[in-house]
Amino acid sequence: MAVKVYGKPQAVCPQRVMHCLVEKGVPFELVLVDIDAMEHKRPEYMEKHPFGQVPFIADGDFELFESRAIVRYFAAKYADRGPNLLGRTPEERAKVEQWLDVEAINYSPCAFAIVFNLFLLPIRGLPGNKGEAVAAIEKLDKILEPYEKQLARTKYLAGDEFTLADLTHIPVTRYVVEHCGLAYILDDKPHAKAWWEDVSSRPAWKKVMSFVASGASFYAP
Ligand SMILES: N[C@@H](CCC(=O)N[C@@H](CS)C(=O)NCC(=O)O)C(=O)O
């Protein structure tokens, strides 16, 4: 039975999970949970995800929520398929975990504040908070300075191989760069810019984008 990914395909967190599955060549079914229609707060969905968010996955009888826990699970389950996304030694794994924490704790909340105010509210006809957006842009610019230093030393965040540390950044960064007009934020950070060009042109990520645009419910490699 194919893995089921519950979520709205345009949302950042389900995209993180779909990207991991595509990197690993794992087929999946997307079960639409329309967060704009508040389907994620319906009692039957909240039985699956007690915090009422997307994504949620079912892999046979095994069920899980939290996008980063889900990608860790699939990266471990399919360690012998596709790219190694977790690191091979305890030291490599620790570096991957370090950058996964940076992404979850420092980077994404700040990037999300930008996307929320400059994209998600405006497309719903609501005014974004410009002050909050400007403060978040300044903060993101500072957060990217250690990224630039790291990416001057290694090709990817956790070393010279693409891992979950890079993958988890991609969906929200795409919204920042492509939908909020902020590509310029990387202009004075040549290594971070080259990293973004590299990770955002990965064939698996492009397949995710085509899948989302197609409106399809099933992905098969
Ligand atoms: N930490 C959670 C965050 C999940 C999350 O914020 N999902 C968003 C979509 S990307 C959502 O469900 N938004 C609707 C809501 O929170 O009510 C994860 O990574 O899965």
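Which helix is Val71 found in? Hi everyone, let's start there: Val71 is found in helix α3. Helices here are DSSP runs of H or I with at least four residues, strands are E runs of at least two, and both are numbered from the N terminus.

Two quick notes on what we are looking at. This is a predicted model, where local features need pLDDT of at least 70, side-chain atom pairs count only at pLDDT 80 or more, and totals for chains, interfaces and linings use all residues. Residues are numbered from 1 along each chain as its sequence is written.

Back to Val71, then. Val71 is buried, because 25 other C-beta atoms lie within 10 Å. For the cut-offs, buried takes 20 or more other C-beta atoms within 10 Å of the residue's own, exposed 12 or fewer, and partly exposed is in between, with C-beta atoms placed from the backbone. Setting aside neighbours within four places in sequence, Val71 is in contact with Arg16, Val17, Cys20, Leu164, Leu167 and Thr168; contact is C-beta atoms, placed from the backbone, within 7 Å. The buried residues of α3 also include Ser67, Ile70 and Phe74, and the buried set packs against α1, β3 (56-59), β4 (62-65) and α6 (164-167).

Now the ligand. Helices α1 (12-24) and α3 (67-77) each supply at least two residues of its shell. Among the residues around the ligand are Cys13, His40, Val54, Pro55, Glu66 and Ser67, where near is a C-beta atom, placed from the backbone, within 6 Å. By class, the shell has six nonpolar, three polar and two charged residues. Nonpolar covers Ala, Val, Leu, Ile, Met, Phe, Trp, Tyr, Cys and Pro, charged covers Asp, Glu, Lys and Arg, and the others, Gly among them, are polar.

Most residues other than glycine have a negative phi, and most peptide bonds are trans. The bond from Val54 to Pro55, however, is cis, with omega near 10°, and Pro55 sits in the loop between α2 (43-46) and β3. Glu66 has a positive phi near 85° and belongs to the loop between β4 and α3. Glu66 is partly exposed, since 18 other C-beta atoms lie within 10 Å. Met38 also has a positive phi, about 60°, and lies in the loop between β2 (28-32) and α2. Met38 is exposed, with 11 other C-beta atoms within 10 Å.

Finally, a record: the unreviewed UniProt entry annotates residues 89-221 as "domain: GST C-terminal"; such annotations, given in the numbering used here with shortened feature names, may be inferred rather than shown by experiment. That span is 71% helix and 2% strand. Thanks, everyone!

Technical notes
Two residues are in contact if their C-beta atoms, placed from the backbone, lie within 7 Å.
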